[in-house]
Structure formats: structure tokens, C-alpha cells
Amino acid sequence: MALRVKLFWGLAAVILPLLGGALLLSAGLFLRSQVALERSQMERNLRRIEVLLRDEQSRLAAKVYDWGAWDDTYEFVVERDERYLRSNWVPESFAGSQIDLMLITDVAGQVVAWQVYDQAQKEFVPVPADLRAHLEPRCPLLQAARAGQPQNAFLVLGGEPWLLAAHPILTSNDAGPSRGAYVMGRRVTEALLDQWRQATQLPLLLEIQGAAFGAALPCQAAHHQPAVQTEIRVLSRRELLGAVTIETAAPGPVFRLVAIVPRELLALALRMVLRLTLYFMGIAVLTLGAAWAMVERLAGRRLRQLAADVKTLPQADAANRPRPEPAPRRPDEISQLDEVLRQAFAELMRARAQLERFNLHLDEVREEEATRLARRIHDDLGQLVTVLRIGLVRIQQAAARGVGLPDLQARLLELLQVNDEMLQTLRTVAQALRPSVLDRLGLVEAVRWRVEQLTAQTELACELSLTGFTADDPPPERIGTALFRILQEALTNVIRHARARTVWIDLTADAAGYGLEVSDDGCGLAAAATQRPTFGLMHMQSRAAALGGTVTLTNRPAGGVCCRAWIPRTCPPGCIGNGKGDPS
């Protein structure tokens, strides 16, 4: 794939998700806020309907109170004077108070008088049979009112809802005892619904639910202090339903006032989201085009030229030819990238040369060590083996001549001493190659042995500190070997170069890994030595890096050198220590 195509798709992969995310976030927040606002408005509308219903109940309760707590009504229940009805229960009283029903009962629950008025026909009509059946003496509404407790209730009769209010019949001073109950009722007609629609500015509908609320419904289940519940439901993307439900003690609602309103806020929000989408799409196209043109103009040609220059670097180095110098350019990012690549390549070549020198140094060290071991084996073991052979030949000759036993025993003792010297020499050579205490007793004891050996062979004072090591959790063999070899190399550097009097060794273990710190009070490192690593430091760093660790060498503020090594308990992926084998 061409570089310009990759750049185009890279820009698209960056710009389009950013703009898409911004669009989704803004659209989601905007729609959520509009839906919440829409629901809040519907809740306010439903509260207005509830207030309207309670106001109707309050007005009806106030009217029945005026008529029920009146001396004339109080006397009428006892005297049954028809003049009370002729002077008070007239069409003007029903029409002026918007009352459709008036009912008076005595303390026994018997009907003293009642009348039903048709507001549309403006005349009195017979009392409906279902109303007679419900307003019987045992009706809880009448019983509570006769007992002195005002009541409000809803009732469904003949498919029409009624608002009822009852009050005990008392004197004008609200004195008793109660002589019965005064009941007023009002039909919820289409005219009343129109008044409610005008008051709430909502398209209210009346729904009557539940066949159980017909004429056969028992009175004790139909009358109560009404409970009101609200409901908000989404019908579609265009309509939202809000309902106020009036319940009774019987299962199911009596009737509901329903308002179905158009979702104008959601429609407005969707139009805004559509415009926002088109706006973001335009921004995305313009941004992508502008970015593509700028990248192609400022970086495309430069990157292709840079790729061509980088390809010539290895060829120039292989042929030992001078590398091509870049043409003078402005100090922009591409020029900086070109310079960084050239510096990285130069650093890589320096590291390669350093590695080659390090490998050559390792070969020389191996040869020197092999020569030293061969010389020691030849000088020490060779002489002892020769002495042993000469002694064995003399014992054989003496035995052939019949020399006495005491003389043979003396010569055998001499040979045993020679044999002991050979074994000691072999142990010394083996200890020099790999201390056996490291394999037998572990890292901690090997470090103690090396400290004892150091104090015995040199005049250095050595202080050892061990932290976090337990017998139940010894370090793994690879880590123990690496830390011990790093310690050996650090102590060798102290002995050879530091001119120190005291060495401090701090070996720690924690949940993350193992640390080693070797400090001295010697002459310290020169500035050049801290910038350019020596072979010893490179050797220590390679051992630690193979297990995912690090080694640093710094000057101490009080004088001397501090060598710090740290190796994790778990070797990270990609480390050489994850493979097989662990050269010591």
C-alpha cells in the first residue's frame, strides 16, 4: 500500500472516530435532556390535572357543607316541611351551583328527600334506578357522613362517572348530634370535560375501565376516599400519553383522565440532531480534505525522500563511504525525524561496534582464564602427580626388595599427603570456576563465604546486610547465580581500582524482586568512566538484563562508588532468561 494511501486512511481513522464520538456524545446528551424535559412537562401537566380534580372535590365539599351545616336543613330532617324543598331545591339552585344530585337521609339511613337535575335539559328528572340501588342505608359513604365524617367519592353509574360529597347534617354552628347525611353529586359530562380542557390546556379524554363498576357493584366496594395515580407512557415517536387514574377499593380503576400530546420537543430534538449530523459530516469532509492536503504538501514528499535517504545509510556504512548529508531544510518535525533516525542509526552502529569489542574481550578473557587454569594444573597438579608416581614406583621397588613394613607405611603417609594437596588444589580450581557453596547452600551462604574470603585475602573491612531473605523462600537458581556473579565482578573492581578501605554489601528481597548494592569509600569513578561503560559493567548489565533486571554504577556523594543491581522475581516476556539454559 502506498504511503499516501496509508496517510489518508490514518487521517480518516483519527478524524472520523473523533467527530463521530463528538456527534454521538452531543446527540445523546441533547436527546436525553429533551426527553427529560418532555417528561418533566408531562409530570407538571398531570399535577395540574390532579389539582383540578381536587379543586372540584373541594368545591363540591364546600357546597355540601353549606347545605348540610344549616339550621333549616337540621329542622327539615325532623319536621319534613315541604316548604324547605320548594324554596331551596329549585332549578336555579342546581344550575347555579352546577349540582346534578341532592340527597338527604336521616340517622337511620332512610331517604328523606332527593332530586336529580339534568343540566342539559334544565329540568328535574327521575332518580336513576342504579343510583337508588347504590345509595342504600348500608352505603359506607352515607354511614360515615351520618357518623359525623365528611366524605368524597367517585362512582360510575350507567356508564357515567359521578363526583359525590357527603356531610353530616348539623346546625349552623356545626353543633350536633348529627341528624343524617346531606349528599351532593355532579356528573362528569362532556361540558365539564370541556371546562377541564380549557383550564389545563390539554386534550383530555375520559376512559371508563372495568365492567365491575357497573350498576351491580356493591356499595361497600364502590365508595371510598378516592386514590389518584399518575402514569406516563410513550406511545410512539410522535405521541406521549399521560393519565390520571382514580381507583376504588374494588379491583381496577373507576375512570381515567388521559392526555395524549404530540412529542414536539422530541421532534425538535431529532431535527436538531439531523442538522448536527450534517454539520459534523461537512466538518469531517472539510477537515479530512484539508489535513490530507497539508500532510501531502508538508510531509508526504518529505517522508518519501526520508525513506530513500534511510535506505542509503546501511549501504554507505557497509562500503565505508561517507553517508549522504541531508539537504538544508527548515527545522520542522520531518527534519527532526530525519536527524533522530540518523542519530539512532549512528547509536546502533556504535552499539554494534561495542558489542563486537565486548565479544572480543570475552574471548580474550576466556583464553586468559584457560591459560591460567592450564598453567595452574600443569604447575601444581602436574608436580603432585609426578611426585605421586615416583612414590608409587619406590614403594613397588621397596616391596620387591623386601623392605620392612614400617618403612612402607612412612612412604604411604607421604603419598597420602601428596594426595590431599592434589584434592585441595582441585577444590581451589573448582571454587574459582563455580563455588560449590552456591549450589549446596544457596545465594545467602555463598555471599557470606565470599565476604569471609574477601576479608581473609585482603585488608578491606566488609559489612554485610541481608534483608527479606527466609529459609522457606530462597531465590531461584538463575537469579542467585546472576546476583553472585555480579557481586564477584563488583568486588573485583573494588579490589583492583577503588583503593578503598571499607566495602558495604546490602542484599535485599521483597515481593517484587531482589536487589544488590555494593558501595565503597574509594576514589570513585572518573567522569569518562561513568559515560562510557567498561567491560566489567557491560558484563554485569548483560547478566541482569537477561533476567529483566538492571545494573547501574554511580559515584557516592561521600566518596566512592555505588553499584546497584535489581532483578525481578518473574522474568518479563522477551527476556533471554525465559529460554533454556543459564550460563553461569
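User: In what order do the five strands of the open sheet stand?
Analyst: This is a predicted model, in which local features need pLDDT of at least 70, side-chain atom pairs count only at pLDDT 80 or more, and totals for chains, interfaces and linings use all residues. Residues are numbered from 1 along each chain as its sequence is written, and side-chain values use heavy atoms, with hydrogens and water left out. Strands (E, at least two residues) and helices (H or I, at least four) are DSSP runs numbered from the N terminus, and two strands pair if DSSP finds at least two bridges between them. The pairing in this open sheet is mixed, and the order is β11-β12-β13-β15-β14.

User: Which strands stand at the edges of the sheet?
Analyst: An edge strand here has a single partner strand, so one side of it is left without a neighbour in the sheet. The two strands in that position are β11 (461–467) and β14 (550–555).

User: Which residue in β15 stands opposite T552?
Analyst: β14 and β15 (residues 561–568) run antiparallel and are joined by six bridges. Opposite T552, the residue in β15 is R564.

User: What angle does helix α14 make with β13?
Analyst: Helix α14 (residues 477–498) packs on the sheet and touches β12, β13 (513–520), β14 and β15, contact meaning heavy atoms within 4.5 Å. Axes are lines fitted to C-alpha atoms, for helices over the stretch in contact, and angles run from 0 to 180 degrees between N-to-C directions. The direction of α14 makes with that of β13 an angle of about 10°.

User: At what angle to β11 does helix α13 run?
Analyst: Helix α13 (residues 443–457) lies across β11 and β12 (502–509). Its angle to β11 is about 170°.

User: Is E56 buried or exposed?
Analyst: Buried means under 20% relative accessible area, exposed over 50%, and partly exposed in between (1.4 Å probe, protein chains only). R59 has 39% and is partly exposed. E56 has 6%, so E56 counts as buried.

User: Which residue forms a salt bridge with D81?
Analyst: D81 is partly exposed at 24% relative accessibility. Its partner is exposed at 56%, and the N to O distance is 2.8 Å. The partner is R83.

Technical notes
Salt bridge = Lys/Arg side-chain N within 4 Å of Asp/Glu carboxyl O.
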